[in-house]
Amino acid sequence: MMIHLVKQTTPIRPPDTLAPGRKRHANLRYVYTLTAFVSLGAFLFGWDQGVMAMIIADDRWLKLMQPANDWSVGFVISIYNIGCVIGALTTGFFADSCGRERTISLASSVFIVGALLQAASYTIAQISVGRFVLGLGVGAYSAGVPLYISEISPAELRGRIVGIELMILCFGEMVVFWIVYAFYFLNSDDWWRIPLAIQVVPALILAVGCWTWVPPSPRWLVAEERYECALEVLSRLHGSEAAELEISEIRKTVSEEQITTQASWSDMFKRPVLKVTLLGIIIQMFQQTTGTNGIFYYAPSLFKKGGITDPTMANLATGGVGVVLFLSSWIPIFYFDRFGRKAWFQFGLIGMIAALIGICVLQQHALDYPNSPANNAIVIFPYMFFTFFNMSWSSGSWTYAAEIFPISLRAKGNALCTASLWISNFVVAQVSPPIESATGYGLYVLFIIICIIAFFFVRYGLVETRGKSLEEMVELFGIDGNEKDRDLQDSVRQGLLQSSSRDEDATLVDDNSENIE
């Protein structure tokens with residue numbers, strides 16, 4: 001009963017002003033507008049990736065919170081990642097039951113509660129609870145937003161569309177540093193509450209918009225057997241002619257999956273879906289373990305050990321990381337779909353390895369020549385790393401994990417892959433400081449080794465998906481079962497083809513009879 005109250009049930013019909021039988025053209029502006037709006041979730045994701053770094057180092061915050069030790073401070077950071085894991089895993093259930101856009105709206109409500117708890121806290125325990133609740137919302141954003149935008153995007157533009165989400169995420173990472181930096185100079189012990197509280201505003205806008213304006217995913221509508229509504233949404237997005245072709249393909253795929261695939265969590269780990277699950281989990285795991293957050297979370301320490309000893313200069317250099325992330329995030333928007341997924345992953349890894357080698361060399365140089373002006377060159381290599389990472393893995397792993405699963409398992413698969421990313425994020429955040437303290441630049445040597453392993457995994461293990469529709473992924477990954485299953489599916493296809501001519505008027509939108517509500 002509660003699920004029925006949450007999910008969108010209002011009929012979606014053509015506007016009254018649309019003449020009967022009139023063909024509609026693809027409306028990419030509408031696709032981009034929806035993408036930009038729901039990517040407010042990505043903006044908040046980016047905001048909370050960077051909002052706490054300067055706060056937990058401030059003496060005024062430490063005096064108020066009185067953490068028992070460094071582990072207590074670390075817990076404030078890492079408990080957020082645990083919340084993100086749980087939030088990502090629950091996204092599969094809610095996205096399938098309530099719809100993709102309503103799940104994002106619910107996540108925003110949870111996010112608002114977490115943000116307010118943080119801003120109103122006076123103890124480590126209180127802010128930790130707030131961070132955990134906030135993480136539930138961010139985890140749902142991180143799984144739900146790419147899932148939704150991948151399902152409204154044309155196949156040939158999916159990489160670009162997901163790249164827009166990445167750009168907005170990186171914009172949040174850039175903006176939050178300078179916002180926190182500005183409030184840092186307020187003559188108030190409570191300055192830190194402001195950047196934690198103001199994120200409620202975009203979260204509230206997102207919650208209301210996804211509840212009232214953003215349309216459901218057409219693929220979710222088909223799974224709900226709301227074919228007329230699905231066709232109307234597709235027509236608004238991709239035009240009438242493309243919509244008619246897509247609705248037939250989506251309906252065929254969903255019908256086949258209802259016979260050959262039971263949409264349960266256990267199916268994620270059964271052949272032949274197991275291969276897809278492992279590819280998605282591993283690609284998201286490598287996105288985190290190849291060094292991005294090991295550098296991002298602890299950039300001031302990296303610069304300090306590289307010879308930049310002035311804290312103000314180290315903080316400004318860290319702020320430059322946010323600027324580089326934002327600027328480089330535009331690259332995949334314009335170029336990602338021009339080349340294959342595997343080509344981008346491999347190209348990115350080569351640049352990332354070169355940048356990590358540069359960090360190692362410069363940190364050793366700082367040890368040997370602590371006062372050398374050449375030590376300032378350390379700034380180049382984190383910027384180089386994030387440029388190559390952003391043009392390849394940052395958007396590529398999200399795109400890949402969101403597109404490879406069959407419809408009936410897409411929400412659960414994307415949630416599982418996102419949880420893998422957050423677990424990896426948690427591990428990197430916890431182990432990077434002790435490894436760096438014990439080995440110095442040995443941490444970056446470890447990242448180089450992981451990058452090399454990732455390179456061979458991509459080259460020999462990854463399946464290319466560029467230009468494939470979401471419905472074609474089933475065939476691409478061989479999720480057709482055995483010969484008996486294939487015979488059954490053939491009969492299903494024939495039945496669908498035969499019945500489509502008989503019941504087309506009853507199941508698809510009839511432009512001559514529909515009215516907008």
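Which hand, left or right, does the crossing of α8 and α22 have?

**View 1. The crossing of helices α8 and α22 in the predicted model.** In this predicted model, helix α8 (residues 124-152) and helix α22 (residues 407-439) have axes that come within 9 Å and cross at roughly 135 degrees, and the two helices are therefore oblique to each other. The crossing of α8 and α22 is right-handed. On the α8 side the contact is made by V138, G139, S142, A143, P146, L147 and E151, while α22 contributes R410, A411, N414, A415, T418 and W422. Of the residues in this contact, seven are nonpolar, four are polar and two are charged.

**View 2. The packing of helices α18 and α21.** Helix α18 (residues 311-328) packs against helix α21 (residues 380-403) at an angle of about 25 degrees, the axes lying 9 Å apart, which makes α18 roughly parallel to α21. This crossing, too, is right-handed. The contact is formed by A317, G320, V321, V324, L325 and S328 from α18, together with Y383, F386, T387 and N390 from α21. Six of the residues in the contact of α18 with α21 are nonpolar and four are polar, with no charged residue among them.

**View 3. Helices α11 and α25, at the two ends of the confidence range for elements.** The protein chain averages a pLDDT of 85, and 91% of the residues score at least 70. Where pLDDT is low, the predicted coordinates should not be read in detail.

Methods. Residues numbered from 1 in each chain as written. Predicted model: local features only at pLDDT ≥ 70, side-chain atom pairs only at ≥ 80, totals over all residues. Heavy atoms only, no water. pLDDT = per-residue confidence, 0-100. Helix = DSSP H or I, 4+ residues; strand = E, 2+ residues; numbered from the N terminus. Axes fitted to C-alpha atoms, helices over the stretch in contact; angles between N-to-C directions. Parallel < 35°, antiparallel > 145°, perpendicular 65-115°, else oblique. Left-handed = near helix turned anticlockwise from the far one by under 90°. Contact = heavy atoms within 4.5 Å. Nonpolar A, V, L, I, M, F, W, Y, C, P; charged D, E, K, R; others polar.
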